[in-house]
Amino acid sequence: MKEETNHHNTIEMRIDMLEKILDNASNEIYVLDENRCIVFCNKVFENHYGLKRSEVIGKANEEFFNQGYWTPSIVPLVFEEKKAVTIKQTTHYGGELITTAIPLLNSAQEIELVVITGHEPNYKKIRYLNEQRNKDDNDMHTSGSPIITNCEKMKNLLAFCTKIASVDSTILIQGESGTGKGVFAQYIHSLSQQKSGPFLAINCAAIPEELLESELFGYSQGAFTGASKAGKIGLIESAHNGTLFLDEIGEISPKIQAKLLQVIQERQFLPVGGREMKKVNIRIITATNRNLLDMVEKNSFGRIYTIVCMLSKSKFRRSGKE
């Protein structure tokens with residue numbers, strides 16, 4: 001009896017720990033059973049919709065969809081296809097989520113549970129305030145660079161970045177994962193003529209192709225099912241007079257490559273579903289861990305860059321941070 005009690009307590013501790021982990025996740029997570037009823041939701045879910053866990057557990061997912069908490073619904077799609085699906089949803093607060101539903105199947109290939117996760121579009125927006133910009137300028141004046149390194153090759157690369165920062169050219173930063181490509185992109189932006197404008201970054205590999213196009217170029221009113229009635233401004237337009245950093249550029253499709261080439265060459269683009277071209281003044285910095293030069297030679301990638309920076313596994317750290 002004692003062994004059974006201890007085992008039971010251990011199971012309860014594990015469940016409690018699992019709930020804590022899920023509640024501290026950065027993404028919205030909720031789970032449906034085979035009847036499409038909600039059996040679990042984390043705190044991010046509560047924050048996204050203003051609902052308490054006690055208000056949703058045991059209730060049908062369709063009930064909240066019909067009340068307009070989110071649109072469109074991903075549930076019919078995952079139950080129909082019985083495989084992981086990803087769509088863009090809009091919440092009743094007007095926020096946008098990239099939502100993925102993953103079905104858990106039994107031995108008979110029937111759905112037992114569906115795990116649904118949602119996160120805000122995977123990009124970040126950084127604007128430099130005058131005070132912060134002045135501080136950065138002072139730091140650069142005293143230390144020479146916000147990146148500290150003992151590697152001679154890295155020092156040469158920093159000097160090269162200083163030279164190309166003032167040139168209004170598209171840049172490709174190549175290097176293995178973890179070599180700091182995003183750090184160098186921000187460094188180049190901080191030295192450029194666009195430093196007073198926004199610095200926007202997006203990981204092209206983290207968003208499905210059908211959603212990436214609308215994230216980059218925006219969309220017009222009624223462009224597709226579930227689109228916001230007012231349309232949406234994309235990252236390219238939001239980065240006007242600033243810098244757009246496209247990480248994992250090697251993963252984008254030929255269709256998006258062609259549209260980006262138009263932005264680079266003509267400084268204009270057409271939103272998804274739009275009829276009028278929009279003008280934009282931005283500097284594009286791209287990054288990849290793939291051999292893009294080889295891909296260009298094999299015609300599997302377009303030549304959309306003019307300056308290449310190569311990063312290796314050299315050690316460096318940002319000023320003031322390990």
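Take the contacts in the protein chain between residues at least 6 apart in sequence: 60% of them join residues at least 24 apart, with contact meaning heavy atoms within 4.5 Å. This is a predicted model, where local features need pLDDT of at least 70 and side-chain atom pairs count only at pLDDT 80 or more, while totals for chains, interfaces and linings use all residues. Residues are numbered from 1 along each chain as its sequence is written, and side-chain values use heavy atoms, leaving out hydrogens and water.

The protein chain has twelve helices and 16 strands, taken as DSSP runs numbered from the N terminus (helices H or I, at least four residues; strands E, at least two). Of its 322 residues, 44% count as buried, that is, under 20% relative accessible area with a 1.4 Å probe and protein chains only (exposed is over 50%, partly exposed in between).

Now for the cores. A nonpolar core here is a set of buried Ala, Val, Leu, Ile, Met, Phe, Trp, Tyr and Cys residues joined through side-chain atoms within 4.5 Å. The largest one has 25 residues, and Leu216, Ile236 and Leu246 have the most contacts inside it.

If you leave aside neighbours within four places in sequence, Leu246 touches Ile202, Cys204, Leu216, Leu260, Ile284, Ile285, Thr286 and Ala287. Thr286 sits in strand S14 (residues 283-288) and counts as buried because its relative accessibility is 1%.

Over to a helix pair. H7 (residues 152-165) and H8 (residues 181-191) pack at an angle of about 40°, with their axes 8 Å apart. Axes are lines fitted to C-alpha atoms, for helices over the stretch in contact, and angles run from 0 to 180 degrees between N-to-C directions. So H7 is oblique to H8 (under 35 degrees is roughly parallel, over 145 roughly antiparallel, 65 to 115 roughly perpendicular, the rest oblique). On the H7 side, the residues that meet H8 include Met154, Leu158 and Cys161, and the H8 partners include Phe184 and Tyr187.

H8 itself is largely enclosed by the rest of the structure, because nine of its eleven residues are buried. Among them are Lys181, Gln186 and His189.
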